[in-house]
Amino acid sequence: MLILGIESSCDDIGVAVFDTATQKILGNTLLSQIKPHEMFGGIVPEIASRAQLEKIDVVIQQTLTKANLSLEQIDTIAVTNRPGLVGSLLVGVCFAKGIAWAQNKKIIGINHLEGHVFSAFLTSDHSVNQDLKFPFIALSASGGHTALHMVKDFGEYELIGQTLDDAAGEAFDKVAKMMGMPYPGGALIEKLASQVDFQDFFSYPRSKSTGDEISFSFSGLKTAVLYDLVKKGMYDLATGPVTDNITLELRQQVSSSLLVCVGDIFCKKIKQAFKKYPEIKSIAFVGGVACNAYLRNRLTQLCHNHGKTFFAAPPAFCTDNGGMIAFVGGYKATQGKFSDLNLDVMKE
Ligand code: KG4
Ligand code: ZN
């Protein structure tokens with residue numbers, strides 16, 4: 001079966017084909033549309049969906065051309081229908097339903113988070129990693145989510161911990177914005193931190209553990225950084241970033257301290273998970289924040305010290321992408337779990 005995966009839950013459009021026979025991702029294409037949002041310091045939903053509407057047909061055609069396939073050869077359309085920005089989700093779902101109806105194809109609505117969780121199986125040569133065995137724990141960290149899932153089988157996963165407030169990626173994006181840097185901030189924060197060798201200059205607060213429960217919290221950290229920036233004269237609560245006082249050195253030190261702090265929080269939570277679920281042999285790190293090489297190294301080291309195996313998808317499959325949606329669509333189609341043309345979008 002050939003599955004066309006469409007992802008449009010936020011600002012990007014990701015499209016790919018998954019071939020269930022060869023277990024390969026074909027023609028993976030991502031149209032990232034950050035530019036029009038940069039001046040607003042975050043995603044503007046109306047701009048995102050309008051831009052997606054203008055380009056979705058082109059991205060699908062490009063993907064099919066790269067994969068050397070025609071639309072007629074596709075068996076099933078898998079499309080992200082939740083959670084996300086409603087306008088953006090609607091672009092993908094309406095387009096998918098249109099194709100499915102016009103060409104008499106099957107359709108499957110995919111949960112974006114399930115896509116991220118199972119992206120752990122995708123490799124840089126676009127095949128499926130056979131070394132990752134169930135059960136494993138997936139740490140999903142992106143601009144919208146920070147969650148731990150116990151993954152028991154394809155499509156069978158359970159939430160075992162999540163953020164009580166902000167997502168990890170959001171902490172990077174918001175601190176970047178406070179320092180007058182463009183959206184999204186994660187990659188730039190990592191670059192600045194690497195320039196000062198990932199030292200911890202300011203000892204920002206690590207979230208406190210709440211008993212046996214595994215939960216994350218990044219809102220307090222974000223506020224602590226905000227007040228530190230105010231103290232350093234880099235930020236004015238009334239007017240925003242004080243450009244004249246924001247030096248490269250301070251940006252590097254704040255970025256590095258923030259990243260080390262997030263690294264410590266992740267390691268602490270994963271250690272807690274090792275203790276609570278000793279039967280788990282592997283950890284998979286997924287979502288946009290999993291592009292971060294420093295955090296990957298920290299978690300690799302932690303897994304090594306505890307006799308566990310660490311997995312992460314290549315960066316192209318960490319950030320939002322059509323490959324993960326096509327892949328999840330592949331096993332759902334194999335399991336006969338199709339949606340019908342009443343498929344709707346869901347915000348949560
Ligand atoms: O998965 P994703 O593309 O979209 C969401 O579903 O949110 O993740 C985007 C997030 C942004 O918050 C971005 O700052 C973060 O991933 N990110 C990073 C890095 N690259 C992207 N965070 C830390 N380090 C990076 N290298
Ligand atoms: Zn995502």
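The legends below accompany close-up views of a predicted model.

**View 1. The open sheet of six strands.** Taken in the order β9-β8-β7-β6-β12-β13, six strands make up an open sheet whose pairing is mixed. The edge strands of this sheet are β9, which covers residues 214-216, and β13, which covers 309-312, and each of these pairs on one side only. Between neighbouring strands of the sheet the turn is 30° on average, with direction ignored.

**View 2. The pairing of β12 with β13.** Strand β12, made of residues 282-286, runs alongside β13 in the parallel sense, and the two are paired over four bridges. At one position along this pairing, Ser282 has Thr309 in β13 as its bridge partner.

**View 3. The surroundings of ligand 1.** There are 20 residues around ligand 1, and those that come nearest are Gly143, Asp173, Gly186, Glu190 and Asn292.

**View 4. Polar atoms beside the oxygen atoms of ligand 1.** A polar backbone atom of Gly186 lies 3.0 Å from an oxygen atom of the ligand, while for a polar backbone atom of Gly144 the distance to an oxygen atom of ligand 1 is 3.3 Å. From the side chain of His116, a polar atom is placed 3.4 Å from an oxygen atom of ligand 1. On its own, ligand 1 has 560 Å² of accessible area, of which the protein covers 88%.

Terms used:
Residues numbered from 1 in each chain as written. Chains lettered and ligands numbered in written order. Predicted model: local features only at pLDDT ≥ 70, side-chain atom pairs only at ≥ 80, totals over all residues. Heavy atoms only, no water. Pairing = 2+ DSSP bridges. Axes fitted to C-alpha atoms, helices over the stretch in contact; angles between N-to-C directions. Near = heavy atom within 4 Å. Polar contact = N/O pair within 3.5 Å; in protein donor to acceptor, adjacent residues only side chain to side chain. Areas by Shrake-Rupley, 256 points an atom, 1.4 Å probe, with all protein chains shown as cover.
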